[in-house]
Amino acid sequence: MHHLTSEAIHQYAESYTSKEDELLYDLNRQTHLQTALPVMLSGHLQGRFLSMISKMIKPRYVLEIGTFTGYSALCLAEGMHPDGQLITIDNHPEQAAIAKAYFDKSPYKEQINLIVGKAIEVLNYLNYEFDLVFIDADKINYANYFDLVIDRVKSGGYILADNVLYNGEVLDPAQAGKNALAMHQYNQKISLDNRLENVLLPLRDGIMISRKK
Ligand SMILES: C[S@@+](CC[C@H](N)C(=O)[O-])C[C@H]1O[C@@H](n2cnc3c(N)ncnc32)[C@H](O)[C@@H]1O
């Protein structure tokens with residue numbers, strides 16, 4: 001995946017960040033061996049960040065849009081309230097099968113609900129109030145995902161969106177490809193929404209952290 005910092009800084013940051021547990025390490029490795037685009041996986045540093053955020057919020061209901069092989073879902077699950085539930089959506093059955101196998105090996109087996117389907121269709125029937133949402137699927141639909149979930153995020157809840165700097169391409173929207181342009185438009189939309197306070201964190205490929213007031 002895109003790193004906006006130098007590889008050396010990234011490695012230094014990883015070396016002073018708590019290690020992944022064995023299950024995550026194995027999933028990271030198997031994702032590299034078994035999938036065509038392992039760069040989609042959040043990875044060690046971002047994974048520990050997601051875990052830390054979740055431990056701060058202690059969410060009861062978490063929504064993830066874009067499971068891939070389940071790495072970030074397992075990281076987000078680490079901070080969940082003991083009765084918490086994490087719903088994660090992906091439209092790719094083979095990747096979802098890998099995720100399911102790892103969820104089943106984890107302590108969160110009973111708390112993670114993996115739904116295979118197109119996110120927009122699934123979001124139309126989901127009926128929860130979320131404390132934490134992680135948007136990490138197809139970039140062109142981020143704004144649609146936001147619009148579909150914002151009324152179902154609790155006041156004081158958070159929406160995180162990954163890849164919002166899109167390898168730095170957002171700096172030049174006129175030259176940006178469609179995904180980078182969608183990220184730039186998402187950043188603009190979010191920054192103008194007075195229901196939110198936002199921090200765009202330049203971690204890895206950029207994470208927009210939005211808190212619903
Ligand atoms: C960047 S990966 C997610 C990575 C994962 N969150 C992690 O950090 O390990 C994006 C995922 O979104 C899924 N996806 C793309 N478009 C989708 C859609 N319309 N509905 C549901 N899932 C979708 C892809 O199949 C892919 O697994």
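**Figure 1. Tyr-166 lies in the loop between β5 and α8.** The structure shown is a predicted model, in which local features need pLDDT of at least 70 and side-chain atom pairs count only at pLDDT 80 or more, whereas totals for chains, interfaces and linings use all residues. Residues are numbered from 1 along each chain as its sequence is written. Helices (H or I, at least four residues) and strands (E, at least two) are DSSP runs, numbered from the N terminus. Although Tyr-166 is not a glycine, its phi is positive, at about 35°. Tyr-166 counts as buried because 23 C-beta neighbours lie inside 10 Å. In these legends a residue is buried if 20 or more other C-beta atoms lie within 10 Å of its own, exposed if 12 or fewer, and partly exposed in between, with C-beta atoms placed from the backbone.

**Figure 2. Arg-204 occupies the loop between β6 and β7.** This residue, which is other than glycine, has a positive phi near 50°. Arg-204 has 21 C-beta neighbours inside 10 Å and therefore counts as buried.

**Figure 3. Leu-45 belongs to helix α3 (residues 43–57).** Because 19 other C-beta atoms lie within 10 Å, Leu-45 is partly exposed. Residues up to four places away in sequence aside, Leu-45 touches His-10, Ala-13, Glu-14, Thr-17 and Arg-204. A contact requires that the C-beta atoms of two residues, placed from the backbone, lie within 7 Å. From C-alpha to C-alpha, Leu-45 is 9.6 Å from Tyr-16, and the two are 29 residues apart in sequence.

**Figure 4. Strand β1 (residues 61–65) is mostly covered.** Of the 5 residues of β1, 5 are buried. In a regular strand the side chains alternate between the two faces of the sheet. In β1, Tyr-61, Leu-63 and Ile-65 point one way and Val-62 and Glu-64 the other way, and all are buried. The strand pairs with β2 in the parallel sense over 5 bridges, pairing being assigned if DSSP finds at least two bridges between two strands. Ile-65 has Ile-89 in β2 as its bridge partner. From β1 the chain passes through α4 to β2 in a right-handed β-α-β crossover; right-handed denotes that, with the strands pointing away from the viewer, the path from the first strand over the helix to the second runs clockwise. With strand β4 (residues 130–135), β1 pairs in the parallel sense over 4 bridges. The bridge partner of Glu-64 in β4 is Phe-134.

**Figure 5. β2, helix α5 (residues 93–105) and β3 form a right-handed β-α-β unit.** Strand β3 (residues 112–116) pairs with β2 in the parallel sense over 5 bridges. Thr-88 is placed opposite Leu-114 in β3, and Leu-86 opposite Ile-112 in β3.

**Figure 6. Seven strands build an open sheet with mixed pairing.** The strand order is β3-β2-β1-β4-β5-β7-β6. β3 and β6 (196–201) are the edge strands, each pairing on one side only. From one strand to the next, the twist averages 15°. Helix α8 (residues 178–191) packs on the sheet, touching β5 (153–162), β6 and β7 (207–212), and its direction makes about 145° with that of β6. Axes are lines fitted to C-alpha atoms, for helices over the stretch in contact, and angles run from 0 to 180 degrees between N-to-C directions.

**Figure 7. Helix α6 (residues 119–125) carries Val-122.** Val-122 counts as partly exposed because it has 18 C-beta neighbours inside 10 Å. Neighbours within four places in sequence left aside, Val-122 is in contact with Ile-89, Ile-115 and Gly-117. A separation of 24 Å lies between the C-alpha atoms of Val-122 and Arg-195, which are 73 residues apart along the chain.
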